[in-house]
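Thanks for coming. I have one structure to go through today, so please look at it on the screen while I talk.

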Amino acid sequence: MGDGRSEDVLVVITGERAVRAVALSHEGAGVVVGGEDCKVAMLVATTGDRLFMISRRGAVFAVAFSPDGARVVVGGEDYKVAMLDATT
């Protein structure tokens, strides 16, 4: 890990509001982010390109990949947990 200088940063991903949850896939290829903008996005880790995005009915507080990387679990302010297909 570097000292935080700009040359140490590989990709910067910004949201519309505060980011509350981030998960890196086990193989390091994908990133899932969620936050106060009520959206969950899956991105390519090396470029930040969006693979998919879904809207929720409340802020997102938790995201995680399944051990095999095939699914993403999302939870938040709407009192619901959703399981998403991470392979599409």
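Predicted model: local features only at pLDDT ≥ 70, side-chain atom pairs only at ≥ 80, totals over all residues.

Four strands make up an open sheet in the order E1-E2-E3-E4, and the pairing is antiparallel. At the edges are strand E1, residues 19–24, and strand E4, residues 50–55, each of which pairs on one side only. On average, neighbouring strands of this sheet are turned by 15° against each other, with direction ignored.

Now the pairings inside that sheet. E1 and E2 run antiparallel and are joined by 5 bridges. In this pairing, Leu24 sits opposite Val31 in E2. The two strands form a hairpin with 5 residues between them, and in its turn Gly28 has a positive phi of about 85°.

How many of the residues of E2 are buried? The count is 6 of 6, so the strand is mostly covered, where buried means under 20% relative accessible area. Gly30, Val32 and Gly34 point one way from E2, while Val31, Val33 and Gly35 point the other way, and all are buried.

Next, the salt bridges. The structure holds 3 of them. Arg17, Arg20 and Glu36 are linked in a network.

Take Arg17 first. Its side chain meets that of Glu36 in a salt bridge, at 4.0 Å from N to O. Arg17 is in the segment before E1 and Glu36 is in the loop between E2 and E3, so the pair links distant parts of the chain, 19 residues apart. Arg17 is exposed, with a relative accessible area of 51%, and Glu36 is partly exposed, at 23%.

Arg20 also forms a salt bridge with Glu36, and here the closest N and O atoms are 2.3 Å apart. Because Arg20 lies in strand E1 and Glu36 in the loop between E2 and E3, this pair ties together parts that are 16 residues apart in sequence. Arg20 counts as partly exposed, with 46% relative accessibility.

The remaining pair is Asp78 with Arg56, with the closest N and O atoms 3.0 Å apart. Asp78 is in the loop between strand E6, residues 71–76, and E7, whereas Arg56 is in the loop between E4 and strand E5, residues 60–65; the two are 22 residues apart, and the pair links distant parts of the chain. Are these two partners buried or exposed? Asp78 counts as buried because its relative accessibility is 16%, and Arg56 counts as buried because its value is 14%.

Last, the surface. Which residues form the nonpolar patch there? They are Val73, Val81 and Met83, with about 300 Å² of accessible area together. Val81 belongs to strand E7, residues 81–85. Val81 counts as exposed because its relative accessibility is 68%.

That is the end of my part.

Definitions and conventions. Residues numbered from 1 in each chain as written. Heavy atoms only, no water. Patch = residues over 30% accessible without salt bridge, like charges linked within 9 Å, V, L, I, M, F, W, Y side chains within 5 Å. Areas by Shrake-Rupley, 256 points an atom, 1.4 Å probe, with all protein chains shown as cover. Buried < 20%, exposed > 50% of the residue type's maximum accessible area, 1.4 Å probe, protein only. Pairing = 2+ DSSP bridges. Axes fitted to C-alpha atoms, helices over the stretch in contact; angles between N-to-C directions.
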